[in-house]
Amino acid sequence: MEEIIYTYHDQVYANITNQCNCNCEFCVRSLHDGVGEATNLWMKADPTLEEIKNAMDAFGFSGFQELVFCGYGEPTCALENLIAAAAYAKERFGLTTRLNTNGLANRYHGRNVVGELARVIDRVSISLNAPDAEQYQRIVRPIHENAFADMLSFADLAREAFTDTQLSVVDVLSKEEIEACRRLADEHGIPLRIRRFA
């Protein structure tokens, strides 16, 4: 059975969609059906809001302070459920909320959604994954043109809107590429986090 709420490295994650507007060459979902304690994060269909809430209620969050929206899809592709589920997590369980995203929500939805997200999301981590547009297109393989610029624009808006914003890269990049990403992150005034490849 597919899993909506799962744990990994002592954190709790919400897997609310398998939809994604990218096809990253290093994506963990191309290697495994699940991560952490989740054996299957592939869904036959996206869960309804009611199903997400039921999964949260069943989990209970005892001993946990934060819920991270990150699964086998891009959470902002299920924007309405993301916002409603994050609000429920805060109201029902008193959790802080974090969004792991590719930063293409504004492009995907055709409007600026940062303000809507900032009402219920405390922290955001945006996948930078490449130091320039050419490498980004090759590595991330987004469905949108000019996605690198869109992602950086989202990051600039996020820096002003969220309590904590960071850019991230996966350590499959070379040391030189990671340093170039760090310089780019510094230019945008956003900390860079290096993620380990699963």
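A residue counts as buried when its relative accessible area is under 20%. Glu-66 has a value of 12%, so Glu-66 is buried. That value, like the others here, comes from a predicted model.

**Around Glu-66**

Glu-66 sits in strand β3, which covers residues 66-69. Which side chains make polar contacts with the side chain of Glu-66? One belongs to Arg-123, at 2.6 Å. Another belongs to Gln-11, at 3.5 Å. Leaving out residues up to four places away in sequence, Glu-66 also touches Val-12, Leu-95, Thr-96, Thr-97 and Arg-98, besides Gln-11 and Arg-123.

**Aromatic rings**

The structure holds seven aromatic pairs. One of them joins Phe-61 and Phe-93, with ring centres 4.8 Å apart. Is this pair stacked, edge-to-face or tilted? Stacked planes are under 30 degrees apart, and edge-to-face planes are over 60. The planes of Phe-61 and Phe-93 meet at 55 degrees, so the pair is tilted.

This pair links distant parts of the chain, 32 residues apart. Phe-61 lies in the loop between α1 and β3. Phe-93 belongs to helix α2, residues 79-93.

**Cysteines**

How many disulfides does a search of the whole structure find? The search finds zero. Cys-181 is one cysteine without such a bond, and its nearest cysteine sulfur, in Cys-24, is 13 Å away. A disulfide needs the two sulfur atoms within 2.5 Å, so that distance rules one out for Cys-181. Cys-181 is buried, at a relative accessible area of 0%. Cys-70 has 22% and is partly exposed.

**Burial at a glance**

| Residue | Relative accessible area | Class |
|---|---|---|
| Phe-61 | 4% | buried |
| Phe-93 | 19% | buried |
| Asp-10 | 74% | exposed |
| Cys-70 | 22% | partly exposed |
| Cys-181 | 0% | buried |

**Backbone angles**

Most residues other than glycine have a negative phi. Asp-10 has a positive phi, near 65 degrees, and is not glycine. Asp-10 lies in the loop between β1 (5-8) and β2 (11-14). Is Asp-10 buried or exposed? Asp-10 has 74% relative accessibility, so Asp-10 counts as exposed.

Phe-61 has a positive phi too, of about 65 degrees, although Phe-61 is not a glycine. Phe-61 is also in a loop, between α1 and β3. Phe-61, though, is buried, at 4%.

Definitions and conventions: Residues numbered from 1 in each chain as written. Predicted model: local features only at pLDDT ≥ 70, side-chain atom pairs only at ≥ 80, totals over all residues. Heavy atoms only, no water. Helix = DSSP H or I, 4+ residues; strand = E, 2+ residues; numbered from the N terminus. Buried < 20%, exposed > 50% of the residue type's maximum accessible area, 1.4 Å probe, protein only. Polar contact = N/O pair within 3.5 Å; in protein donor to acceptor, adjacent residues only side chain to side chain. Contact = heavy atoms within 4.5 Å. Phe/Tyr/Trp six-rings, centres within 6.5 Å; stacked < 30°, edge-to-face > 60°.
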